[in-house]
Amino acid sequence: MTAPETETTDARRRTPAAWQRRPFRRLAGAWVFSNIGDSALFLMMAVWVNDLTGSGSAAAIVFVMFGLAALSAPFLGEIADRFSRRKLLALANAAMVPLLLVLLLVQEASDVWIIYVVMLLYGCVGYLTAAAQSGLIRDLLPDEELASGNGLLSTIDQAARLLSPLIGTALYVFAGPVWVIGTTMATFAIASVLIARIDLQETPPTPAAERAHYWTELGAGVRHIAASPMLALFTIVITVAFASTGLSNATIFPALGGLGLDSAWLGIIVTAQGVGSLIGGITAARVVGRLGESRTIALGVAIVGLGLLPTAGWWAWLAVAAIPFVGLGVVWVIVAYATHRQRTTPARLQGRVGAAANLAINVPQTLATLLGAALLGIVDYRLLIVANVLVVLGAAVAAVWPRRVRADASEVGPTEGVDAHSVKASPAPDPSA
């Protein structure tokens with residue numbers, strides 16, 4: 001082998017396996033554009049409402065409307081399993097263009113209801129694309145490359161969340177909301193075109209003649225999770241972990257005060273967590289390849305708990321230094337869980353199972369934020385943080401404790417001498433087989 005050939009081979013080994021597949025690269029390219037637009041718009045909407053109304057409460061409703069979209073997840077997951085995921089993703093991204101165009105009607109405070117409606121629909125489209133993308137990834141990649149693919153998409157997601165809100169806010173301040181809306185529309189249009197050009201053989205949806213009653217089909221995702229011991233366990237574990245992050249949203253401002261930090265430090269903390277999340281996305285596939293899914297989930301959840309603990313103390317430097325580990329742990333958990341869920345779920349159920357998982361994770365997170373806000377009036381925030389950390393650490397132990405369940409065939413352990421970045425690419429299984 002000549003020197004150039006050796007260098008090319010080494011480069012391929014260093015490249016995540018999923019990236020070596022052209023269809024996945026197109027999906028990743030679409031993910032870049034849609035995430036840039038999504039992250040730039042999301043924060044700007046709340047700032048815009050606040051400027052129009054002068055009310056922080058009115059601005060907060062933007063996030064409430066977006067959160068309410070989670071209730072539509074089961075219905076949207078059913079839709080994702082009934083049609084071509086590639087076409088559905090392309091159409092959903094294209095539909096964002098006219099939806100965002102409606103925002104140009106907003107001129108004054110009395111028009112903010114338009115923003116609320118758009119944010120609700122915007123969130124619904126997000127859950128639809130998440131359900132469809134889960135199935136598309138499953139058809140694009142073989143089992144051993146799922147962690148690599150999920151890790152890459154998570155890295156893109158976290159990078160966009162770190163940079164795009166700053167860019168979007170700056171564009172809003174210097175050029176106005178019309179420019180942010182126009183830029184976001186363009187990014188979704190580009191994403192739609194890239195997805196439409198993905199070439200793959202999709203798993204066909206269940207034929208209409210073979211489908212059960214609508215409500216039976218709708219609940220298939222929940223039933224699959226409940227009937228899969230490891231998937232059910234992991235879902236419970238990460239539901240607890242993400243509810244923990246919801247509770248931390250309620251305790252963050254009292255914690256900053258207790259640490260002697262001004263509320264403006266929230267921006268620094270969010271950025272620090274974003275940096276940790278970005279590192280988590282870059283390293284997640286390698287960690288899953290070395291440790292396996294259950295150990296990665298357990299380690300990630302434990303890191304989240306330990307990273308939150310210093311916010312109950314008196315050393316500001318330690319609390320700020322620990323926050324990036326929270327972001328890192330969350331992303332490791334997400335990638336490991338998504339990989340396990342995609343790998344152990346039949347192709348025709350991917351949308352419904354993904355939607356059920358999103359509902360199980362996001363709704364408790366919102367409820368935990370509300371509960372934490374209510375408890376702060378009667379319970380010292382330090383006690384809430386410590387109790388929160390203890391529950392999270394208990395969930396981490398639960399992820400690896402039941403030996404008998406872990407022995408189930410659905411578990412994938414660490415690969416001897418191989419990680420998800422260096423697995424040799426192999427042809428994806430024929431979805432029609």
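**Aromatic cluster, cores and salt bridges**

Phe188 is buried, because its relative accessible area is 6% and the limit for burial is under 20%. The model described here is predicted. In this model, Phe188 belongs to a cluster with Phe66 and Tyr122, linked by ring pairs. The structure holds 2 aromatic pairs. In one of them, the ring centres of Phe66 and Tyr122 lie 6.2 Å apart, and the planes meet at 45 degrees, so the pair is tilted. Phe66 sits in helix 3 and Tyr122 in helix 6, so this contact ties together parts of the chain 56 residues apart in sequence.

The overall fold was examined next. The chain has 17 helices and 0 strands. Of its 433 residues, 50% count as buried. Among contacts with a separation of 6 or more, 86% involve residues 24 or more positions apart.

The largest nonpolar core has 58 residues. Within this core, Met45, Trp48, Leu100 and Ile115 have the most contacts. Two or more residues each come from helix 2 (22–53), helix 3, helix 4, helix 5 (85–101), helix 6 (112–140), helix 7 (146–175) and helix 8 (177–196). Helix 6 gives the largest share, 16 residues. Met45 was taken as an example. Beyond neighbours within four places in sequence, Met45 is in contact with Val62, Leu103, Ile115 and Met119. A second, separate core has 39 residues. Ile238, Ala241, Val288 and Ile361 are included in this second core.

Charged pairs were treated separately. The structure holds 8 salt bridges. One of these joins Arg352 to Glu78, with the closest N and O atoms 3.6 Å apart. Arg352 lies in helix 15 (residues 350–375) and Glu78 in helix 4 (residues 73–80), so the bridge ties together parts 274 residues apart in sequence. Arg352 has 6% relative accessibility and so counts as buried. Glu78 is buried as well, because its relative accessible area is 2%.

Arg138 and Asp143 form another salt bridge. Their closest N and O atoms are 2.6 Å apart. Arg138, at 15% relative accessibility, counts as buried, whereas Asp143, at 36%, counts as partly exposed.

The side chains of Glu293 and Arg343 also meet in a salt bridge, with an N to O distance of 2.8 Å. Glu293 is in helix 13 (residues 293–308) and Arg343 in helix 14 (residues 316–344), so the pair ties together parts 50 residues apart in sequence. Glu293 counts as buried at 3% relative accessibility. Arg343 counts as buried at 15%. Elsewhere, salt bridges that share partners join Glu78, Asp81, Arg82, Arg85 and Arg352 into one network. The bridge between Arg352 and Glu78 described above has both its residues in this network.

The surface was examined last. Ile61, Val64, Leu68 and Leu71 make a nonpolar surface patch of about 340 Å². Of these, Leu68 is found in helix 3 (residues 56–68). Leu68 has 41% relative accessibility and so counts as partly exposed.

How values were computed:
Residues numbered from 1 in each chain as written. Predicted model: local features only at pLDDT ≥ 70, side-chain atom pairs only at ≥ 80, totals over all residues. Heavy atoms only, no water. Patch = residues over 30% accessible without salt bridge, like charges linked within 9 Å, V, L, I, M, F, W, Y side chains within 5 Å. Areas by Shrake-Rupley, 256 points an atom, 1.4 Å probe, with all protein chains shown as cover. Salt bridge = Lys/Arg side-chain N within 4 Å of Asp/Glu carboxyl O. Helix = DSSP H or I, 4+ residues; strand = E, 2+ residues; numbered from the N terminus. Buried < 20%, exposed > 50% of the residue type's maximum accessible area, 1.4 Å probe, protein only. Contact = heavy atoms within 4.5 Å. Core = buried A, V, L, I, M, F, W, Y, C linked by side-chain atoms within 4.5 Å. Phe/Tyr/Trp six-rings, centres within 6.5 Å; stacked < 30°, edge-to-face > 60°.
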